[in-house]
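Thanks for making the time this morning.

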Amino acid sequence: MGISIDNKYDAIVIGAGLGGLSCAMHLMKKGLHVLVLEKQPKVGGYCQNYVRGDYNFDVSLHVLPAAAKGEGFYRLLDYLQLLPHLEIIEHRPMFSCAFDD
């Protein structure tokens, strides 16, 4: 089975992981017609879970240090107009250590 592109697209993005989807959104914001191709049955790459036997593996991103308001990833989400669709919960301190003494 083949895909007929027929010059309908200005760009083709191979892979629908976070990088591919981000790239496609950037291109679309610039007014380009974009085709995203993904070999897996779901998009998102490592931002999802998968099941192997009796085990459910959640490999998605839970902590994004640069997602704090005003930082790089936050600005990217704002530019891509994704912030209204997300719930960003700030957690401080991000890491801590506890010692017996």
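**The second largest pocket**

In this predicted model, the second largest pocket holds about 290 Å³ of space, a volume being the space filled by probe spheres set on grid points that are joined across faces, edges and corners. By pocket I mean, on a 1 Å grid over the protein atoms alone, an open set of points where a 1.4 Å probe fits, with protein on both sides within 12 Å along at least five of seven lines, and lining residues have an atom within 4 Å of a point. There are 14 lining residues, and the closest to the centre are Q40, G45, Y46, Q48 and Y50. Sorted by class, the lining has 5 nonpolar, 6 polar and 3 charged residues, where Ala, Val, Leu, Ile, Met, Phe, Trp, Tyr, Cys and Pro count as nonpolar, Asp, Glu, Lys and Arg as charged, and the others, Gly among them, as polar.

As for the fold, the protein follows the pattern β-α-β-β-β-α along the sequence, the helices (H or I, at least four residues) and strands (E, at least two) being DSSP runs.

Of the 101 residues, 18% count as buried, that is, under 20% relative accessible area, with exposed over 50% and partly exposed in between (1.4 Å probe, protein chains only). C23 counts as partly exposed because its relative accessibility is 35%, whereas C97, at 68%, counts as exposed. The disulfide count comes to 0, a disulfide being a pair of cysteine sulfur atoms within 2.5 Å.

On conventions, residues are numbered from 1 along each chain as its sequence is written. Local features need pLDDT of at least 70, side-chain atom pairs count only at pLDDT 80 or more, totals for chains, interfaces and linings use all residues, and side-chain values use heavy atoms, with hydrogens and water left out.
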